[in-house]
Amino acid sequence: MPYSHLNDYPAEVRERAARIRLACFDVDGTLTDGRLTYDSEGRELKSFHVQDGQGLSLLGKYGIAVHFVTARGGVIAAQRAAELGATAHGDVADKLACVQQIAAGLGLSLDQVAFMGDDLADLKILPHVGLSVAPGNAHPWVRERVHWRTVARGGEGAARELCDLLLGAQGHAERVLTGALG
């Protein structure tokens, strides 16, 4: 059965998604639910959604580079990125400059970049990438400035929605499904 959800997306979003070769994600509020949790020793804890991880891994397998670009540093995001075959960039003050550098290093234009973010630190980059996306619960100032918003909230499958869109728009969904079905 062919992947049938592509028509759920506006044509412009599908066209933009078909060109993406680099997918960049904010971490807090996008790959997590945005809550900051600390244990009694003051160590930060984060929760990531397993379905987001599956989608991020699939992007790498199908030739789309995945990078985490976060204003907060820390080993947690770096560890999660490494588990998924992605690259993490922490303590990023200027996300646009960071993504420009990543894209240039890969020989890509910003038109070939997707960026998903949820709050003020992400606003600067959104008008410059080929596909800007916000989780369903992103701050309103961000939601009104992106090409597309997911239904899912950050940390609850929003990244997977973007991954599935990219895979589907680039004709990879059938191979993913065939592989999963055996």
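**Exercise 1.** Determine which residues of helix 2 meet which residues of helix 6, and classify the contact.

*Solution.* The structure is a predicted model, in which local features need pLDDT of at least 70, side-chain atom pairs count only at pLDDT 80 or more, and totals for chains, interfaces and linings use all residues. Residues are numbered from 1 along each chain as its sequence is written, and side-chain values use heavy atoms, with hydrogens and water left out.

Step 1. With contact taken as heavy atoms within 4.5 Å, helix 2 contributes Q51, D52, Q54, G55, L56, L58 and L59, and helix 6 contributes A158, A159, R160, C163, L166 and L167. Helices (H or I, at least four residues) and strands (E, at least two) are DSSP runs, numbered from the N terminus.

Step 2. By class, these residues comprise 8 nonpolar, 3 polar and 2 charged. Here Ala, Val, Leu, Ile, Met, Phe, Trp, Tyr, Cys and Pro count as nonpolar, Asp, Glu, Lys and Arg as charged, and the others, Gly among them, as polar.

**Exercise 2.** Describe the packing geometry of helix 2 against helix 6.

*Solution.* Step 1. Two packed helices are described by the angle between their axes and the distance between the axes. Axes are lines fitted to C-alpha atoms, for helices over the stretch in contact, and angles run from 0 to 180 degrees between N-to-C directions.

Step 1. For helix 2 (residues 50-61) and helix 6 (residues 158-169), the angle is about 30° and the axes are 7 Å apart.

Step 2. Angles under 35 degrees count as roughly parallel, over 145 as roughly antiparallel, 65 to 115 as roughly perpendicular and the rest as oblique. Helix 2 and helix 6 are therefore roughly parallel.

Step 3. The crossing of helix 2 with helix 6 is left-handed; this term applies if the near helix is turned anticlockwise from the far one by less than a right angle, and right-handed applies if clockwise.

**Exercise 3.** Carry out the analysis for helix 1 and helix 6.

*Solution.* Step 1. The angle between helix 1 and helix 6 is about 80°, and their axes lie 8 Å apart. The two helices are therefore roughly perpendicular to each other.

Step 1. V13, R14, A17 and A18 of helix 1 make the contact with L165, L166 and A169 of helix 6.

Step 2. This contact of helix 1 with helix 6 has 6 nonpolar, no polar and 1 charged residues.

**Exercise 4.** Characterise the aromatic pair formed by Y9 and W148.

*Solution.* Step 1. Rings of Phe, Tyr and Trp (its six-membered ring) pair if their centres lie within 6.5 Å; planes under 30 degrees apart count as stacked, over 60 as edge-to-face and the rest as tilted. The count by this rule is 1 aromatic pair.

Step 1. Y9 and W148 are 5.3 Å apart centre to centre, with 75° between the planes, an edge-to-face arrangement.

Step 2. Y9 belongs to the segment before helix 1 (11-18) and W148 to strand 8 (residues 148-149), so that the pair links distant parts of the chain, 139 residues apart.

Step 3. Both Y9 and W148 are buried (under 20% relative accessible area; exposed is over 50%, partly exposed in between; 1.4 Å probe, protein chains only).
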